[in-house]
Amino acid sequence: MARAVGVAYDAGMETPALSALALIEDDDRDAVLETVLGAYRMRVEITADVRYCGTWYDSEPATHHGQFHLVTQGCCWISGEAVETPVLLERGDLIVFPAGIRHILSSSPDPHLPDAPDAGDTSMLCGELEFITGSHNPIFAALPRWFVVRAQDSSAGFRQLAQMLADTSRERRWGRQLVQNKLADSLFTMAVCEYVRQAEQPRGLLAALTDARLSRALSAIHARPGQDWTIQSMAQEAGMSRTAFAELFTTTVGTPPIQYLAHWRATEARRLLKNRRFSVAAIADMLGYSSEAAFRRFFKRVEGVGPGSARRRPGGTS
């Protein structure tokens, strides 16, 4: 996920300081993605290993969860109301519908027209994904209605992981489904990273990660949510003035810095509440609240229920 640093230098003469700066920026972005993805309970599951031959089409209805398709053999056309122009997927390509919008899989650009006589077989892995805790997921909110990660444009790691998933689907051994789901979980994480790297106009949190100043501030907020943050202290992390930082953060992320901090603290609280070794008072202290009562008021205001009720919910909060 490296990006060019705005400093001119001769090719082949990159300085150690410049290399270190790029690595620090990458570390900031990775830290933010890691904390957000880790704080929400994500369900990624392979639901079908399908094979098509001849002329075919498959209509996928809208769902309350995300969907994805990984082509493991042949090719596939994607169309639908949200897909302005039919999209061709080839072997190793992945398409993700984060919001589960209706779409059509088919053997030709127009699913109602016949294929060419030499149309080959197509195989793909289909799955579901959703964050099952948290009502304000900044990554899902920042993703488009659909996006494609193409094998030819992706990193070697993404291609290798996709191939491992395809190879595992052909095995008939105990634990195959569990292994597939673990690999699919990792593949989705890498797909988000690939999207950030390749997107021309990312939005929300993902757009903020392409700005070195905002990613530094976000990394600090995520690492130390219990600190007594102010807009001024956040701006100092970003190396910006208070006014410029507040304006850039709000415009890019879509929420003011203090509101984002509140939602992040609530997210961390939900994660910590799942661990019964931590009392509510201890969690309040970790998140920087002066008293348990203040934390309880904050949590109920943001989440709509008290921390005790959230802790008792099966599977965590939602």
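Modeller: This is a predicted model. Of the contacts in the chain with a separation of 6 or more, 72% are between residues 24 or more positions apart. The chain has 318 residues, of which 47% are buried, and its secondary structure comes to 12 helices and nine strands. The part I take is helix 4, residues 176–198.

Five strands make up an open, antiparallel sheet in the order 1-8-3-6-9. Strand 1 (42–52) and strand 9 (147–149) are at the edges; each has a single partner strand, so one side of each has no neighbour in the sheet. On average, neighbouring strands here are turned by 20° against each other, direction ignored. Helix 4 packs on this sheet and touches strand 1, strand 3, strand 6, strand 8 (122–131) and strand 9. The direction of helix 4 makes about 100° with that of strand 1.

Within the sheet, strand 3 (residues 66–73) pairs with strand 6 (residues 94–97) over four bridges, in the antiparallel sense.

Next comes the helix packed against helix 4. Two packed helices are described by the angle between their axes and the distance between the axes. The axes of helix 3 (residues 156–169) and helix 4 come within 10 Å and cross at roughly 160°. Angles over 145 degrees count as roughly antiparallel, and helix 3 and helix 4 are therefore roughly antiparallel to each other. Their crossing is left-handed. From helix 3, the residues that meet helix 4 include Phe 158, Leu 161, Leu 165 and Thr 168. On the side of helix 4, the residues in this contact include Arg 176, Val 179, Leu 183, Leu 187, Met 190 and Glu 194.

Helix 4 also takes part in an aromatic pair. The structure holds nine such pairs. In one of them, the ring centres of Phe 140 and Phe 188 are 6.2 Å apart and the planes stand at 80°, so the pair is edge-to-face. Phe 140 lies in helix 2 (residues 138–142) and Phe 188 in helix 4, 48 residues apart, and the pair thus links distant parts of the chain. Phe 188 has a relative accessible area of 4%, and is buried because that value is under 20%.

Elsewhere in the chain, strand 7 (residues 103–106) pairs with two strands named here. Strand 2 (residues 57–60) runs antiparallel to strand 7 and is joined to it by four bridges, while strand 4 (residues 75–80) pairs with strand 7 over three bridges, also antiparallel. Leu 105 in strand 7 is the bridge partner of Asp 58 and of Ile 78. His 103 and Leu 105 point one way from strand 7, Ile 104 and Ser 106 point the other way, and all are buried.

Two further places complete the picture. Tyr 289, Phe 295, Phe 298 and Phe 299 form one aromatic cluster. Pro 257 is in helix 9 (residues 257–273) and counts as buried at 2% relative accessibility. Beyond residues up to four places away in sequence, Pro 257 touches Met 234, Phe 245, Ala 246, Phe 249 and Thr 250. Pro 257 and Phe 245 are 12 residues apart in sequence and 8.8 Å apart in space, C-alpha to C-alpha.

Key: Residues are numbered from 1 along each chain as its sequence is written. This is a predicted model: local features need pLDDT of at least 70, side-chain atom pairs count only at pLDDT 80 or more; totals for chains, interfaces and linings use all residues. Side-chain values use heavy atoms; hydrogens and water are left out. Rings of Phe, Tyr and Trp (its six-membered ring) pair if their centres lie within 6.5 Å; planes under 30 degrees apart count as stacked, over 60 as edge-to-face and the rest as tilted. Buried means under 20% relative accessible area, exposed over 50%, partly exposed in between (1.4 Å probe, protein chains only). Contact means heavy atoms within 4.5 Å. Two strands pair if DSSP finds at least two bridges between them. Axes are lines fitted to C-alpha atoms, for helices over the stretch in contact, and angles run from 0 to 180 degrees between N-to-C directions. Angles under 35 degrees count as roughly parallel, over 145 as roughly antiparallel, 65 to 115 as roughly perpendicular and the rest as oblique. A crossing is left-handed if the near helix is turned anticlockwise from the far one by less than a right angle, and right-handed if clockwise.
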